[in-house]
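Here is a short briefing on strand pairing and core packing. Keep the structure open while you read.

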Amino acid sequence: MRLIATLLCTLVVFSFLAAPGMSEETDSSATAVVSPEAECDHVVRIAPSGIKFSPASLTVDDGATVCWQWTDESMAHNVVETAEEGGTEAAEGGLSSGEANETEDFRVTFTGDQDFTYVCEPHATSDMVGIVTVGEGDPAPASEAGSSSSSSEDAPGFAAPAAVVALMAAAMILARRD
Ligand SMILES: [Cu+2]
């Protein structure tokens with residue numbers, strides 16, 4: 001019985017140690033970096049209507065720099081990364097051109113397949129949104145929710161107690177056999 005208890009403790013400790021490592025696997029290599037000096041491969045401007053991006057949808061190569069540029073617009077605009085396509089809520093820790101401006105030059109260099117979705121905050125209610133598809137786009141749109149901060153943090157917390165319950169049940173069965 002002591003052997004089983006020792007084994008149980010070892011496995012429980014291991015399951016807790018293993019949990020943080022498991023969450024790191026959801027990390028992807030896709031990045032989007034603000035690069036003020038990079039040359040523009042694509043330029044997004046303000047449409048004649050004044051409350052749309054043009055083009056609102058853009059497909060670029062891996063490593064391309066996209067520049068959002070406008071000068072002396074009648075209204076101030078900005079570019080803020082959103083969590084999902086068509087959404088108007090800013091992504092936590094996402095990129096932003098900062099405060100809305102009538103004149104802007106915001107440059108982002110994209111690395112890795114991804115969908116970069118964004119909104120102009122002052123005109124979110126007018127659906128002033130856009131998307132940049134980099135390379136093949138998001139490799140697994142279905143798993144996007146799983147890799148976001150809240151749910152991925154929940155998973156290890158749930159997995160460890162589940163492992164403990166399973167091990168305790170196994171120990172009880174083994175103990176009964178003796
Ligand atoms: Cu705007």
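Predicted model: local features only at pLDDT ≥ 70, side-chain atom pairs only at ≥ 80, totals over all residues.

- Five strands form an open sheet in the order 1-7-5-2-3, and the pairing is mixed.
- Strand 1 (31–34) and strand 3 (53–54) are the edge strands; each has a single partner strand, so one side of each lacks a neighbour in the sheet.
- Strand 5 (residues 65–70) runs antiparallel to strand 7 (residues 104–111), with six bridges between them.
- Within strand 7, F106 is the residue opposite W68.

**Strand 8 and its partners**
- Strand 8 covers residues 114–119 and is mostly covered, with five of its six residues buried.
- Strand 6 (residues 80–81) pairs with strand 8 in the antiparallel sense, over two bridges.
- E81 has Y118 of strand 8 as its bridge partner.
- Strand 9 (residues 129–134) also pairs with strand 8 in the antiparallel sense, here over six bridges.

**Nonpolar core**
- The largest nonpolar core holds 19 residues.
- V79, F110, Y118 and V119 have the most contacts inside this core.
- Strand 2 (42–46), strand 5, strand 7, strand 8 and strand 9 each contribute at least two of its residues.
- Leaving aside residues up to four places away in sequence, F110 touches A32, V60, A64, V66, F116, V132 and V134.
- In soluble globular proteins, nonpolar side chains tend to be buried together.

How values were computed:
Residues numbered from 1 in each chain as written. Pairing = 2+ DSSP bridges. Helix = DSSP H or I, 4+ residues; strand = E, 2+ residues; numbered from the N terminus. Buried ≥ 20, exposed ≤ 12 C-beta atoms within 10 Å, placed from the backbone. Core = buried A, V, L, I, M, F, W, Y, C linked by C-beta atoms within 7 Å. Contact = placed C-beta atoms within 7 Å.
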